[in-house]
Amino acid sequence: MTEDIRSLSAQYAADPSSLVFLRLGEALRQRMQYDAALKVALSGLGRYPHLPDAHDLYARILTDQRDYATAFDEWDTVLRLAPHHVGAHKGLGFLYYRAGEPEHAVYHLRLAAELDPGDQGLRAAVERVAGGEEIWDQPLPTVPPEHTDEARAATVSAGDPFAGLEGAHDRLLLVDADGLRLGGSLLGAGHQDFSDDAAATLAATTREAVRAARLLELGEWQHLTLEATELNACLLSPTADTSLLAAMDAGLPAGQMAFFAERAAKAARAWLERVR
Amino acid sequence: MSPSYSSLLEALTRLRGIRGAMVVEAADGIAVAEELMGGLKGTALAALAANLAARAAELSGRGGFGMPRFLHLQATDGSLLIAPASRNLVLVAVAARDVPLGLLRLEMLRMAEHLV
């Protein structure tokens, strides 16, 4: 049961330096009010940069927003500050599990279970990931499994290229040269999913733009802006073999569109570097 | 060339940094009228602009963007601008590098409305 947000907000407003921000941030997160939760968590982190629970809260919100790379770093920070932090071990266990790194996942989940033996859900998770109850017969490793860097990279690459960016789930689309969707989504006003329909045409439109720029001797193409009655879109190539579409409501300034698209392209390039 | 198209294109090419302007049939990429300078080839420009406009229209339809109003291809040495107009026509302009495009865009949108 989530705590009463109104009451927690009042307590937080009365004393912004109190630790109530941890409960308020968590309550907002559970209600899926992620923007508000992030604001509270970041404000708390600003006051308490060495507080493990503040980093843990921030990491949980980031995970909900599918920004796994930053969440990993936050939980890593927690363990540097507090090596026996249950939440951080649970979080890292989850990230490793979802990245297909069961050995690392079991290590962290088991540590968490040892630290919180009353959590039956956690025990069940350990057994599920480890493949049975026999895991409890094995000694708890004293050091993490090898190849931690590679396993960490897997948690990051499994993420969304636009995680944490505005429009990540409805206004940004990344495709390869064949029009195969690599990340992002394009949703209409009624939440219709246009992603796959638009993906193939996006790659073809980019090819046409590159061709036109070359044959008209305009130099290297940089972007194509499309203004339409409902939405405006900006197409560009984060890398030579990918196309990105960033869409915004029609009527917003062109400069804002360019900034939005460039920021998404930067995130896509970083994600592609990690994946590849 | 129709006198009305001619005067319209002349007005566009009088703007600073405009290398040429055309009225093109969208469906088959054929030039209807042109006012080009400095080595721009009308046939190629018409075909490429029509192709790009067609692709963009398809993307707009598949992406749920609505009807295309304006296209701006930005490249390192210049820009290609396309304003879909009525009756299967598109208005096309090529601008040199570092040309402010705001006024050109407004003029093209205004002219495209009256292009018949």
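This is a predicted model: local features need pLDDT of at least 70, side-chain atom pairs count only at pLDDT 80 or more; totals for chains, interfaces and linings use all residues.
Local features were taken at pLDDT of at least 70 and side-chain atom pairs at pLDDT 80 or more, whereas totals for chains, interfaces and linings use all residues. Residues are numbered from 1 along each chain as its sequence is written, and chains are lettered from A, with ligands numbered from 1, in the order in which they are written.

Chain A contains eleven helices and five strands. Helices (H or I, at least four residues) and strands (E, at least two) are DSSP runs numbered from the N terminus. Of the 276 residues in chain A, 46% are buried; a residue is buried if 20 or more other C-beta atoms, placed from the backbone, lie within 10 Å of its own. Two residues are in contact if their C-beta atoms, placed from the backbone, lie within 7 Å. Among contacts in chain A between residues at least 6 apart in sequence, 45% join residues at least 24 apart.

Two helix pairs of chain A were examined. Two packed helices are described by the angle between their axes and the distance between the axes. Axes are lines fitted to C-alpha atoms over the stretch in contact, and angles run from 0 to 180 degrees between N-to-C directions. Helix H2 (residues 20–30) and helix H3 (residues 34–47) of chain A pack at about 160°, with their axes 8 Å apart. H2(A) is therefore roughly antiparallel to H3(A), a term used for angles over 145 degrees. The residues of this contact divide into nine nonpolar, three polar and one charged. Here Ala, Val, Leu, Ile, Met, Phe, Trp, Tyr, Cys and Pro count as nonpolar, Asp, Glu, Lys and Arg as charged, and the others, Gly among them, as polar. Residues of H2(A) in the contact include Phe21(A) and Leu28(A), and those of H3(A) include Tyr34(A) and Val40(A).

In the second pair, the axes of helix H6 (residues 86–98) and helix H7 (residues 102–115) of chain A come within 7 Å and cross at roughly 155°. That angle makes H6(A) roughly antiparallel to H7(A). The contact of H6(A) with H7(A) has ten nonpolar, four polar and one charged residues. Among its members are Leu92(A) and Tyr96(A) in H6(A), and His108(A) and Leu111(A) in H7(A).

Strand E4(A) pairs with two other strands of chain A, where pairing requires at least two DSSP bridges. E3(A) and E4(A) run antiparallel, joined by four bridges, and form a hairpin with two residues between them. In this pairing Leu226(A) stands opposite Ala233(A) in E4(A). Six bridges join E4(A) to strand E5 (residues 242–249) of chain A, also antiparallel, and a hairpin of five residues connects E4(A) to E5(A). Cys234(A) has Ala246(A) in E5(A) as its bridge partner. Six of the six residues of E4(A) are buried, so the strand is largely enclosed by the rest of the structure. The buried residues are Leu231(A), Ala233(A) and Leu235(A) on one side and Asn232(A), Cys234(A) and Leu236(A) on the other.

Between the chains, 32 residues of chain A are in contact with 29 residues of chain B. Helix H10 (195–215), strand E3 (221–228) and strand E4 (231–236) of chain A each supply at least two residues of the chain A side. The largest share, eleven residues, comes from H10(A). By class, this side has 18 nonpolar, nine polar and five charged residues. E3(A) also pairs with strand E3 (residues 68–75) of chain B in the antiparallel sense over seven bridges, and His223(A) stands opposite Gln74(B) in E3(B).

Notes
Angles under 35 degrees count as roughly parallel, over 145 as roughly antiparallel, 65 to 115 as roughly perpendicular and the rest as oblique. A residue is buried if 20 or more other C-beta atoms lie within 10 Å of its own, exposed if 12 or fewer, and partly exposed in between; C-beta atoms are placed from the backbone.
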